[in-house]
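Hi,

Here is the structure I promised to pass on. My notes on what turned up in it follow below.

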Amino acid sequence: MGMTIVEKILARNSSQEIVCPGQIVEARVDVVMLHDIGTPGIQRPFRELGTGKIASHVRCVIVPDHYVPAPTVQAAENLKLTREWAETMGVEYYYEPGRGGISHQIMIEQGHCLPGQIIVAPDSHATTYGACGALGTGLGVTDTAIAFGTGQLWFQVPETVKIELTGELGPYVSAKDIALYLLSLFGEDKLIYKAIEIAGPAADRLTFDSHACIANMALEMGVKTCLFIPGEETLARLRQLRQRVPDPVRPDADAHYESIVSIDVSLIPPMVATPHSPSNGKQVSEVAGIHVHQAFLGSCTNGRVEDLRVAARLMKGHSVHSGTRMIVTPASQETYKQAIEEGLIRIFLDAGALVTNPGCGVCIGGHLGLIAKDEVCISASNRNFMGRMGSRQGQIYLASPAVVAASALAGEIADPRLLKENC
Amino acid sequence: MIRGRAWKYGKNIDTDAIYPARYLVYFEPAEVAKHAMEDVDPDFLNKAKPGDILVAETNFGTGSAREQAAMTLKFAGIGAVLADSFNRCFYRNAINNALPVLASRGISEQIDEGDDIEIDLEHGRIFNYTSGRGFQATPMPELLQRIISANGAIAYYRAHPATLPDAAELTGTALGEEVRCE
């Protein structure tokens, strides 16, 4: 019997010939990522676990990103603890704010994720690592401490659902629209516990940034992990950063899937998820005209250079609407520098947008731009739960960078296809 | 056996609601316990008594990986959570913190708020004393029950050092006896 990608990874990392859905295996963990919430969080369980050190085969990467730079004294204490602990533990890969960015972006951008690896983090959006063909999954701090200290962890082998993407994306339709479309199809709960594999000609044509966007957003469907087979673009990037890059894990021809869903992406319009669930996907035309007080472009979902490019292309020579504020958060220092080199940041600034340092602040309602009661935010981030970005009486609509940029210019939710390009 | 009064909630109750992000910086049990269900039901901590049972529809604990969502319920003294289904990360976090959780499709329809509920975790049995009806869920895999019985994952790993890498040499062990590949 053949195996799917996730089955192969779990089998290999638990030294099994074969594994099947439902089985529980104790698998080797290759990489553990921690940030400024996870590091303080694992202190107690790690101390109680008693190993006192990082398991020898585990690569640990620490990237403070949630509350950087510190907006409160409590956050400053957490950042201090994170920095000091990284040093005490001899963590090789520590990214001080100013040298890193959003942790998930650093993980995939700096070569910390390789095909076939098992990578865990105390952060749900660790599914992003599937863009590199790695089994990335979010855990709580107890599981993370165990993975960190022992280098292994139990996993139940999930069922796999295969999603085949065909067709060509329409103008101003992007990976985010595919993700929001999938969410509207599967809801928040139909894929819980499951792994998804995304393949097909349209998936192969998508860029690495787009794979990362979909793998990131797939978590909102409740999946354990979301896997792509990395293409040449991804592998070439990884080879620049790492000496040895394993071959991508491919599913067997006779692998068993719980189901196979085929989607023609040419039928997907620009999407908007209405409050208060990422699965409330609608066509942009259904919600166009709703006034927006804040437009946010950023996050581990859509703060990459590809996202900034599409927004800048729409915004060049235009101004953000007078009744709207726009916040742009590049996903990492590298993204930020690249955006400066390409002139994208200048376009945002000229349009009257605020550009912040890389970090999670706006997306998690932590700092750098919360919304007030009755305010509406159109956001390229990943969650529109009630209260996520500030007031519980605020309204969050999720959309692609193109829709966010178009809406920022129009002052209301707008279809980017109806705006005239200016370059 | 776990017995308590049921408090009912809907579907897709997310971790931002169970434990809002504004308290993420806290990890001390006493502080974490103060915010249980704050954005779902601000009155929850005034109503619920230690040992009470939370009953929800599908996908309880969806959203972020924050362990405080499970910790806050455990530290607030909640006896167990029953749901039609759980988000996977919340489910792991609950087990790791010895918060009993049992998933059973349709169970939320069989329990009303205030019902007197008993759960037999080992056998996956649920009994509603108020309606006089019993239900059979799929029992939790044995390993997970052992973790809960050990009072959480850390205690379990400490008690089973053979699973630590120095002893096991990372050979990997299939722990599940219940499922066999064909």
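Chain A splits into domain 1 (5-264) and domain 2 (271-418), with bounds that come from an automatic or database domain assignment. Their centres, taken over C-alpha atoms, are 24 Å apart.

Before the rest, some ground rules: this is a predicted model, where local features need pLDDT of at least 70, side-chain atom pairs count only at pLDDT 80 or more, and totals for chains, interfaces and linings use all residues. Residues are numbered from 1 along each chain as its sequence is written, while chains are lettered from A and ligands numbered from 1 in the order in which they are written.

Within chain A, 35 residues of domain 1 are in contact with 33 residues of domain 2 (contact: C-beta atoms, placed from the backbone, within 7 Å). On the domain 1 side, helix 4 (103-109), helix 6 (175-186) and helix 8 (208-218) of chain A each give two or more residues (helices are DSSP runs of H or I, at least four residues; strands are E runs, at least two; both are numbered from the N terminus).

Between the chains, 45 residues of chain B are in contact with 58 residues of chain A. Helix 5 of chain B supplies the largest share of the chain B side, five residues.

And the core? The largest nonpolar core has 211 residues, and A:Val32, A:Val404 and B:Val81 have the most contacts inside it (buried Ala, Val, Leu, Ile, Met, Phe, Trp, Tyr and Cys joined through C-beta atoms within 7 Å; buried means 20 or more other C-beta atoms within 10 Å of the residue's own). Helix 15 (residues 401-410) of chain A gives the largest share, eight residues.

Best wishes

Note on methods: Buried ≥ 20, exposed ≤ 12 C-beta atoms within 10 Å, placed from the backbone. Contact = placed C-beta atoms within 7 Å.
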